[in-house]
Amino acid sequence: MDSVRSDRNGGSSRIPVALKILIAGGFGAGKTTMVGSVSEIRPLQTEEVLTGAEGADDVSGVETKTTTTVTMDFGRITITEDLQLYLFGTPGQDRFWFLWDELSQGALGAVVLADTRRLADCFPSIDYFEQRGTPFVVAVNCFDTEHRYAPEAVARALDLDPGVPVVLFDARDQGSARNVLIELVEYVARRQLAAAASR
Amino acid sequence: MSSEQPRVTHDWLDNDAGPVVRPYAMTQGRVAPADCDFDLVAFVVATVPDLMSGQQLQPEHHAIVAAAWEPISVVELASQLDLSVGVVRVFLGDLRSAGLISLYEPPAATQPHDVDVLKAVVNGLRAL
């Protein structure tokens, strides 16, 4: 897993390992808030080449435009000098699905944020990660004024596979958001061990 | 960064293009690096402390080399230098062809994450 460089000054400075975690969910579910509460958040620009008309911007009048700019939320948590955790708030709009493919490649896992007032908003994210086999947890962002649902009820309503963790949390609270990440990483480790045992 | 450069008039950058220079204008329209791809979480390290002034390189190349003296990920470079990821990749391609940076790819995406690493992540998160 590590790669070590030794070609400079005869010394060897280690190359860190960076793990990706995706923060997905519908518009306004709290993605930016969550990335910001657990990490130092910075915007990240990606300029994507439009490959076809499908799902792209309406380019009539600007026919020469072949790229589109997408801004994502990007946060880093330094675990150790050699181990970094990168959080990516995935762009919510459907037309940016193509970006998810790169983000989820080799990703540790994903957090799908759910808002119980608009539960259906997170269906596309769940479908996506289920199809790709990316491990994910569902984190229900609890807003103050809202009726709280039991995690089991949310899991049922979302028709989640057994074992997919559902946690209630507050995206604004660092400890709470951090617990969601811990839940995800532990879930990934459990899956890994189970897979190894069945081999 | 590029705004500090003297303005060059190109006939393809007329008023209709708006006030903002399109990101790939910085790379002369090249949208992909020449011979390799750079994963978002690949790390790059500069192989030279600074670039010779004689080389045909842009300020962005210099900024990348300066930022990459310590190992830095592609995504971190883009964020730090406030350049779009695609643009950074093109510049990295140039620098790599010139032998000015080394590239360290992340482990293959198909490889499962090491459980010991996952435990370290959990412990690290708990300690935050």
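## Stop 1

Select A:D159, which lies in the loop between α4 (151-157) and β9 (166-169) of chain A. Helices (H or I, at least four residues) and strands (E, at least two) are DSSP runs, numbered from the N terminus. The model is predicted: local features need pLDDT of at least 70, side-chain atom pairs count only at pLDDT 80 or more, and totals for chains, interfaces and linings use all residues. Residues are numbered from 1 along each chain as its sequence is written, while chains are lettered from A and ligands numbered from 1 in the order in which they are written.

Check the backbone of A:D159. Its phi is positive, about 55°, although A:D159 is not a glycine. Is A:D159 buried or exposed? A:D159 counts as exposed because it has 8 C-beta neighbours inside 10 Å. The rule: a residue is buried if 20 or more other C-beta atoms lie within 10 Å of its own, exposed if 12 or fewer, and partly exposed in between, with C-beta atoms placed from the backbone.

Now jump to chain B and select B:D82. This residue sits in the loop between α2 (74-81) and α3 (85-97) of chain B. B:D82 is not a glycine, yet its phi is positive, about 55°. B:D82 has 12 C-beta neighbours inside 10 Å, so it counts as exposed.

## Stop 2: a loop leucine

Go back to chain A and select A:L158. It belongs to the loop between α4 and β9 of chain A. A:L158 counts as partly exposed because it has 19 C-beta neighbours inside 10 Å. Which residues does A:L158 touch, not counting residues up to four places away in sequence? They are A:L119, A:I126 and A:V138. Two residues touch, or are in contact, if their C-beta atoms, placed from the backbone, lie within 7 Å.

A:L158 and A:L99 are 59 residues apart in sequence and 24 Å apart in space, C-alpha to C-alpha.

## Stop 3: a helix with a buried side

Show helix α2 (residues 97-104) of chain A. Its buried residues are A:W100, A:L103 and A:S104. They cover an arc of only 85° around the axis, which puts them on the same side of α2(A). The arc is that of the directions from the helix axis to the C-beta atoms. An α-helix has 3.6 residues a turn, so residues three or four places apart point the same way.

What do the buried residues of α2(A) pack against? Colour β3 (17-25), β6 (83-89) and α3 (123-132) of chain A to see their partners. Then step past the helix: α2(A) is followed by A:G106, whose phi is positive, near 75°.

## Stop 4: two helices crossing

Show α1 (residues 31-38) and α5 (residues 174-198) of chain A. These helices pack at an angle of about 100°, with their axes 8 Å apart. That makes α1(A) roughly perpendicular to α5(A). Axes are lines fitted to C-alpha atoms, for helices over the stretch in contact, and angles run from 0 to 180 degrees between N-to-C directions. Angles under 35 degrees count as roughly parallel, over 145 as roughly antiparallel, 65 to 115 as roughly perpendicular and the rest as oblique.

Select A:M34, A:S37 and A:V38 in α1(A); they meet A:Q174, A:A177, A:R178 and A:L181 in α5(A). By class, this contact of α1(A) with α5(A) has four nonpolar, two polar and one charged residues. Ala, Val, Leu, Ile, Met, Phe, Trp, Tyr, Cys and Pro count as nonpolar, Asp, Glu, Lys and Arg as charged, and the others, Gly among them, as polar.

## Stop 5: the core

Select A:V111. Not counting residues up to four places away in sequence, A:V111 touches A:I21, A:I23, A:F136, A:V137, A:A139, A:V180 and A:L184. The largest nonpolar core has 78 residues, and A:V111 is among those that touch the most other members, along with A:I21, A:I23, A:V112, A:L113 and B:V74. A nonpolar core is a set of buried Ala, Val, Leu, Ile, Met, Phe, Trp, Tyr and Cys residues joined through C-beta atoms within 7 Å.

## Stop 6: where the chains meet

Display both chains. The contact takes 39 residues from chain A and 37 residues from chain B. On the side of chain A that touches chain B, α5(A) gives the largest share, nine residues. The residues of that side divide into 20 nonpolar, ten polar and nine charged.
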